[in-house]
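This report walks through a single protein chain, from its overall fold to particular side-chain contacts.

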Amino acid sequence: PIQVTLAVVVVCVAFLAELYTVPVILFAAAGVAVMSVAYMAQASPRIVARAVMLLVVCAPTLRVVDVLVRSPAALINELDKLEDARLGMVALFVAGGATFGAFSPSTLSCKCKLRAAAYSVCAATCGDSIFRVRMGDERMPAFAILNGALPFFAAVLIAHGASRQLYQARLPAL
């Protein structure tokens, strides 16, 4: 897991070079950096997993609030930046989803992990729909779903399945 966490930090740093003005990206990058330091400092895996779960839930919630309170010009500028950094955005969401999905069932229960991932996708989609209604820009919901929500959720599910199989293989046969 530490390699995946470090990969997420590298992706975040590269992505931040392009999108340092997007509040949600800054929040997520800061959270991932703190979790990486906590993991390297050998904090309790359960605490790290729960903190990452909190980050997965809070970031899209912040996005909804951000879309409601920011000026239309700032939001359109943000969307233009996101489109220019599309590959970085996809890499960020895939790496974040893989990191979150890779927590073993003993560290973070399957139910909590899947509920948090589903909430994250739903809240992000709501924020993007609000963006569409406020701005009238036809690009937004489809762009964010295809380049953010779907890669994140697919990575969570794939990593979750892999971590679950590894966990079950380690259990002694009864």
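A residue is called buried here when its relative accessible area is under 20%, exposed when that value is over 50%, and partly exposed in between. By that criterion, 40% of the 174 residues of the protein chain count as buried. The model is a predicted one, and the values below are computed from it.

**Overall fold**

The secondary structure of the protein chain consists of seven helices and zero strands, and read from the N terminus the order of elements is α-α-α-α-α-α-α. Helix H7, which covers residues 140-170, has 31 residues and reaches 44 Å from its first C-alpha to its last, close to the 45 Å expected at 1.5 Å a residue.

The structure holds eight salt bridges, and several of them share partners. Arginine 63 forms one with aspartate 66, where the closest N and O atoms are 3.7 Å apart. These two residues both lie in helix H3, three residues apart, which is about one turn of the helix. In general, an α-helix has 3.6 residues a turn, so residues three or four places apart point the same way.

Which helices does the salt bridge between glutamate 78 and arginine 63 connect? The side chains of glutamate 78 and arginine 63 meet at 2.4 Å, N to O; glutamate 78 lies in helix H4 (residues 72-84) and arginine 63 in helix H3, so the pair ties together parts that are 15 residues apart in sequence.

Salt bridges that share partners join Arg63, Asp66, Arg70, Glu78 and Asp128 into one network.

| Pair | Separation in sequence | C-alpha to C-alpha distance |
|---|---|---|
| Glycine 31 and valine 52 | 21 residues | 7.8 Å |
| Glutamate 83 and methionine 140 | 57 residues | 9.9 Å |
| Valine 94 and alanine 155 | 61 residues | 5.5 Å |

Glycine 31 lies in helix H2, residues 23-40, and is buried, with a relative accessible area of 12%. Glutamate 83 belongs to helix H4 and is partly exposed, its relative accessible area being 24%. Valine 94 is found in helix H5, residues 86-101, and is likewise partly exposed, with a relative accessible area of 36%.

Val65, Leu68 and Val69 make a nonpolar surface patch of about 280 Å². Leucine 68, one of its members, is found in helix H3, which spans residues 45-69. Why does leucine 68 count as partly exposed? The relative accessible area of leucine 68 is 49%, and the class of exposed residues begins over 50%.

**Cysteines**

How many disulfides does the structure hold? The count is zero. Cysteine 126 is in no disulfide, and the nearest cysteine sulfur, that of cysteine 122, is 6.7 Å away, whereas a disulfide would require a pair of cysteine sulfur atoms within 2.5 Å. Cysteine 126 is partly exposed, with a relative accessible area of 46%. Cysteine 58 also counts as partly exposed, at 30% relative accessibility.

Terms used
Residues are numbered from 1 along each chain as its sequence is written. This is a predicted model: local features need pLDDT of at least 70, side-chain atom pairs count only at pLDDT 80 or more; totals for chains, interfaces and linings use all residues. Side-chain values use heavy atoms; hydrogens and water are left out. Buried means under 20% relative accessible area, exposed over 50%, partly exposed in between (1.4 Å probe, protein chains only). Patches are made of residues with over 30% relative accessible area and no salt bridge: like charges are joined within 9 Å, nonpolar side chains (Val, Leu, Ile, Met, Phe, Trp, Tyr) within 5 Å. Accessible areas come from the Shrake-Rupley method with a 1.4 Å probe; for residues, only the protein chains shown count as cover. A salt bridge is a side-chain nitrogen of Lys or Arg within 4 Å of a carboxyl oxygen of Asp or Glu. Helices (H or I, at least four residues) and strands (E, at least two) are DSSP runs, numbered from the N terminus. The expected span of a helix is 1.5 Å times one less than its number of residues.
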